[in-house]
Amino acid sequence: MKLFGRKKAQEPAVQFDPETQYAVIRSSICTGEKVAGFKNKTDGHFTEVMLIRSAADEKEFKETYGVDSLKVEY
């Protein structure tokens, strides 16, 4: 068990296929809560990946999945 040290690169929890999905942030109008995930292009199904609390979280999401830009949906 390591207490201190570098974080190992983790395998993404959800598989991202740019041919059938696109990256999106869902933002609540009432509470302002933001959730990053992927939306299916054909049926609109949203797959939640992570909660976005800060710009650092958004940057981590982009780096993990190799996404340049994110759409925001309300």
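Predicted model: local features only at pLDDT ≥ 70, side-chain atom pairs only at ≥ 80, totals over all residues.
Residues are numbered from 1 along each chain as its sequence is written, and side-chain values use heavy atoms, with hydrogens and water left out.

**Exercise 1.** Work out how the rings of Phe-16 and Phe-38 are arranged.

Rings of Phe, Tyr and Trp (its six-membered ring) pair if their centres lie within 6.5 Å; planes under 30 degrees apart count as stacked, over 60 as edge-to-face and the rest as tilted. The structure holds four aromatic pairs. In one of them, Phe-16 and Phe-38, the centres are 4.4 Å apart and the planes stand at 15 degrees, so this pair is stacked.

**Exercise 2.** Decide whether Phe-16 and Phe-38 are buried or partly exposed.

Buried means under 20% relative accessible area, exposed over 50%, and partly exposed in between (1.4 Å probe, protein chains only). Phe-16 has 23% relative accessibility, so Phe-16 is partly exposed. Phe-38 has 0%, so Phe-38 is buried.

**Exercise 3.** Classify the pair formed by Phe-38 and Tyr-65, then find the cluster that ring pairs build.

Start with the geometry: the ring centres of Phe-38 and Tyr-65 are 5.0 Å apart and their planes are at 80 degrees, so the pair is edge-to-face. Next, check Tyr-65: its relative accessibility is 12%, so Tyr-65 counts as buried. Finally, follow the ring pairs: they link Phe-16, Phe-38, Phe-61 and Tyr-65 into a cluster.
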